[in-house]
Structures are given as C-alpha cells and as structure tokens.
Amino acid sequence: MILMYHKVDLVAPTMWWVTANNFYRQMLELSDREVVFLDDYDKNNENQVVITFDGIYDGVLKYAAPILKKFNYPFELFLTSEYIGLDNSFDIVEPSAKFTSDIELKLLVQYGGRLQWHTKSHLNLKEIFDFELIKAELDIPIKVKELDDKGFNWFAYPHGEFNENVLAQVKLLFDGALTCHQGDNSKYQLNRKTVTNESTFRKNKIACIIASYNYGDFLIEAIESVLKQTILPDEILISDDYSTDETELIARGYVNRYPKLIKYNRNSKN
C-alpha cells in the first residue's frame, strides 16, 4: 500500500489536509506494518507501506516529520522545483499554504525523508505529447539533485495522469513511477491511496468498557474522560450490573447523544 498525503496542519479546511492529531493516529495504526522506502517496496507484500507527500508544504516539516521521526518511519517527498520556497497562490480553490525552502527540504531529509521528482512546474503530462517539453519537465536541475544524494530515483505523475510518450520517457530516467488512479500496479504505474482525515489503517478495533454498579456519581466523569482522549476507541460500552441508582438514566442519556459510539448493557440481576 502506497499512501499519498498533501498537507498536514493543525486544521483541515479541505480534503487535501490532514490534521496533526489524525496524522498521529494514522501513524500509530501503521505500527504493526512494515513502513519502507520505495526502493525496498514489494507490491506483493500486503504488510508493507510507503508514506509519500506531494508538494512539499511546510506543514510536513512542522507537524508530520517529528511524528514520523518518533515512529522511525521512512518517507518519500515528491518535489516540484519551481514551487520551492513559494506558496500555492496559483490554486484559487485551496486555502493559502507555503511550500518548503531549500533549507527546509534538507531538514526533511535529515528527519528520514527522501526527495523524489514531481516535474518542474506540475503540468498535467497526460495532455503533453511534445517530447522536448516532456524532457524539460522531467529534467532535474543540478542544484535540486544536490539536496539529497540518495533521492530522485522515483517519479510521481502530476495530477496522477500520463500518456504513452510520458511513460516512455519516465522509464528511461527513473527506477519507477506512481500514479493515483490510472495505473496497473506495474513498476511504472503504481497506484497510490489518497489519505484524508477519515482514513484509518487499523486491522483491529478497540473498545473501552466502563463497568458500573451503583457508581452513578462517578459515571459522567468516567465517560467524559474517554470522550476527551485524542484518539477515541471504536466503541464505548457501559456495562451496568443491575444498579439501583441513576446509572441507567445517565448511560441511556449518553447513548442518545452518541448512538454510533456508546452502547449500554444492563444485567437482569446483580
């Protein structure tokens, strides 16, 4: 599985942003997988994961990189050279975001990232058939190459699209290439999964059980404590051992407020 991120920040105004909290949760959910560089990726190994970023925006350095370092995960950074140090003012739909500078890109490499190529100007290459223009977009400037002496072996098609002319040139210049939806999962047409705030990679689900027998005075505090956690369980189960106090009233009130999250079980006798 190859994951594609764009922006990581404290808030997520559109689907192309993932909050730092959700990014941390997602990295935690990958802890039972093998996270690898593209050079080591085996598409037939379902336990392997590659983490990629397109852009590359400064939020990746501020928020994603420290989390990736904590988990000791390698990651791939697909760079568009003409945007280095600028912002996304060209994108009238997306909120403002800043691209990383040369210095910040070097810091990302120190965090465990590897720079890869995403063209000079992010043209939609599916619409380009002129070989000279294709070659110009695929050519990596020497100063950019010097940012990472282990990188730039892989390519990501801008907008995830390509044509046969582009594919032919990419095969001459790179070890492999990534797309979004157009690929057939061969080495030069590997599909990526776009990650959003709602994405989850859990293999197992987690429940929090709150047991109560006449502990109604403490039940609200216990439930609210779970609800305030950064990462919520998949289910909160309130187990009532035939209480004679207000436990049932409180529990059913929370079930009504959070019907998809909170369940209530009451024994028929103590």
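What covers the buried residues of α7? The elements concerned include β12 (207-212), β13 (235-240), α8 (247-257) and β14 (262-266). The model described in this report is predicted.

Helix α7 comprises 12 residues, 216-227. At 1.5 Å a residue, the helix should span 16 Å, and its end C-alpha atoms are 17 Å apart, which agrees.

The buried residues of α7 are G216, L219, I223, V226 and L227. They lie on the same side of the helix, because they cover an arc of only 100° around the axis. An α-helix has 3.6 residues a turn, so residues three or four places apart point the same way. On the other side of α7, the residues D217, F218 and E221 are exposed. The cover over the buried residues includes both strands and a helix, among them β12 and α8.

In soluble globular proteins, nonpolar side chains tend to be buried together. The largest nonpolar core in this model has 47 residues, and the members that touch the most others are Y5, F23, M27, I51 and F53. Helix α2 (residues 58-71) gives the most to this core, contributing seven residues. A second, separate core has 13 residues, including I210, I223, I236 and Y254. One of these, I223, is also among the buried residues of α7.

Leaving aside neighbours within four places in sequence, F23 is in contact with Y5, V8, V18, F53, A64, I67 and L68.

A20 is found in helix α1 (residues 20-29). With a relative accessible area of 16%, A20 is buried, since the cut-off for that class is under 20%. Not counting residues up to four places away in sequence, A20 touches V8, D9, L10, Y63 and I67. The C-alpha atoms of A20 and V60 are separated by 9.6 Å, although the two residues are 40 residues apart along the chain.

## Aromatic pairs

The count of aromatic pairs comes to 16. In one of them, the rings of Y24 and F71 have their centres 5.6 Å apart and their planes at 55°, so the pair is tilted. Y24 lies in helix α1 and F71 in helix α2, so the pair ties together parts that are 47 residues apart in sequence.

## A buried polar side chain: Q116

Q116 is found in strand β7 (residues 113-117). Its relative accessibility is 0%, so Q116 counts as buried. The side chain of Q116 takes part in a polar contact of 2.9 Å with the side chain of E76. A polar atom of the Q116 side chain also lies 2.9 Å from the backbone nitrogen of W154.

Leaving aside neighbours within four places in sequence, Q116 is in contact with E76, L77, F78, L79, G151, F152, N153 and W154.

## Backbone exceptions

Most residues other than glycine have a negative phi, and most peptide bonds are trans.

A cis peptide bond joins G55 and I56, with omega about 15°. I56 lies in the loop between β5 (48-55) and α2.

F152, one of the residues in contact with Q116, has a positive phi near 65°. F152 is found in the loop between α5 (142-145) and β8 (154-156), and at 6% relative accessibility F152 counts as buried. Y242 also has a positive phi, near 60°. Y242 lies in the loop between β13 and α8, and is partly exposed, with a relative accessible area of 37%. Both β13 and α8 are among the elements that cover the buried residues of α7.

Key. Residues numbered from 1 in each chain as written. Predicted model: local features only at pLDDT ≥ 70, side-chain atom pairs only at ≥ 80, totals over all residues. Heavy atoms only, no water. Core = buried A, V, L, I, M, F, W, Y, C linked by side-chain atoms within 4.5 Å. Buried < 20%, exposed > 50% of the residue type's maximum accessible area, 1.4 Å probe, protein only. Helix = DSSP H or I, 4+ residues; strand = E, 2+ residues; numbered from the N terminus. Contact = heavy atoms within 4.5 Å. Expected span 1.5 Å × (residues − 1). Arc of directions from axis to C-beta. Polar contact = N/O pair within 3.5 Å; in protein donor to acceptor, adjacent residues only side chain to side chain. Phe/Tyr/Trp six-rings, centres within 6.5 Å; stacked < 30°, edge-to-face > 60°.
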